[in-house]
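Q: I would like to learn how to read a structure, feature by feature. Where do we start?

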Amino acid sequence: MNQVVQSFVAGGAITEFALVSLDAAGKVQITTVGTDKACVGIAQRAASAGETVDVVISGLSRAIAGGAITAATEPRLKSVTGATGKVEVVASGDFAVCRMIPNINQFTAADGDQILVMFVGPTIVEA
């Protein structure tokens, strides 16, 4: 599957491979909670406020793990709480926004690891 990439204006500082959400002005900012319905994708580079940043809104991208992830146990991921833009395993009530795509060399991840994910957009995780 190919990436679908859209350019947005950064509403604040954004780090490379961070999850981003739309703000009230239509700009993107780092996603800060796992229940954010406005998460639109993954920034492909770092950007400062006012700069244009390419965002994968559908498809494969790199992301940064925010904790321990084991693809065989729970591959669905959400935003870590806080202004990091990292991803972590979902829980009930969260919005899964992407899925870890493992390979023979990387089927687990730890905080700070770059991982391959399929971004699909917010989907509620039921209890």
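A: Start with contact: it means heavy atoms within 4.5 Å. Leaving out residues up to four places away in sequence, Arg76 touches Glu88, Val89, Val90, Ala96, Cys98, Arg99 and Val125.

Q: What kind of model is this, and how are residues numbered?
A: This is a predicted model: local features need pLDDT of at least 70, side-chain atom pairs count only at pLDDT 80 or more, and totals for chains, interfaces and linings use all residues. Residues are numbered from 1 along each chain as its sequence is written, and side-chain values use heavy atoms, with hydrogens and water left out.

Q: How many helices and strands does the protein chain have?
A: Helices (H or I, at least four residues) and strands (E, at least two) are DSSP runs, numbered from the N terminus. Here the protein chain has 0 helices and 11 strands. From the N terminus on, the elements run β-β-β-β-β-β-β-β-β-β-β. The radius of gyration of the protein chain is 13 Å, close to the 14 Å that the globule rule gives for 127 residues, so the chain is as compact as a globular protein of that length. That radius is taken over C-alpha atoms, and the rule is 2.2 Å times the number of residues to the power 0.38. Along the principal axes, the C-alpha atoms fill a box of roughly 40 × 30 × 25 Å.

Q: What share of the 127 residues is buried?
A: Buried means under 20% relative accessible area, exposed over 50%, and partly exposed in between (1.4 Å probe, protein chains only). Buried residues make up 43% of the 127 residues in the protein chain. The accessible surface comes to about 6100 Å². Carbon and sulfur atoms hold 53% of that surface. The areas come from the Shrake-Rupley method with a 1.4 Å probe; for residues, only the protein chains shown count as cover.

Q: Where is Arg76, and is Arg76 buried, partly exposed or exposed?
A: Arg76 lies in strand β7 (residues 76-79). Its relative accessibility is 31%, so Arg76 counts as partly exposed. Ala91 is 15 residues away from Arg76 in sequence, and 9.3 Å away in space, C-alpha to C-alpha.

Q: How do I read contacts over the whole protein chain?
A: Look at sequence separation. Among contacts between residues at least 6 apart in sequence, 57% join residues at least 24 apart.

Q: Which residues have the most contacts inside the largest nonpolar core?
A: A nonpolar core is a set of buried Ala, Val, Leu, Ile, Met, Phe, Trp, Tyr and Cys residues joined through side-chain atoms within 4.5 Å. The largest has 18 residues, and those with the most contacts inside it are Ile69, Leu77, Val87 and Ile115. At least two core residues come from each of β4 (39-43), β5 (52-64), β9 (95-100) and β11 (114-124). Another core lies apart from it, with 12 residues, among them Phe8, Ala18, Val28 and Val40.

Q: What does Leu77 touch?
A: Set aside its neighbours within four places in sequence. The contacts of Leu77 then include Ile69, Val87, Phe95, Val97, Met100, Ile115 and Val117.

Q: And where is Phe8, and what is Phe8 in contact with?
A: Phe8 sits in strand β1. Phe8 has a relative accessible area of 16%, so it is buried. Beyond neighbours within four places in sequence, its contacts include Leu22, Val28, Val40, Val53 and Ile57. Between the C-alpha atoms of Phe8 and Ile124, 116 residues apart along the chain, the separation is 25 Å.

Q: Which phi value does Phe17 have?
A: Phe17 has a positive phi of about 65° although it is not a glycine. Phe17 belongs to the loop between β1 (4-9) and β2 (19-22). With a relative accessible area of 11%, Phe17 is buried.

Q: Is Ile30 buried or exposed?
A: Ile30 counts as buried, at 13% relative accessibility. Ile30 is part of strand β3 (residues 28-30). Outside four places in sequence, Ile30 is in contact with residues including Ala13, Ile14, Ala18, Val20 and Ala83.

Q: Where does Gln106 lie?
A: Gln106 is in the loop between β9 and β10 (108-109). Not counting residues up to four places away in sequence, Gln106 touches Arg62, Met100, Asp113, Gln114, Ile115 and Leu116.
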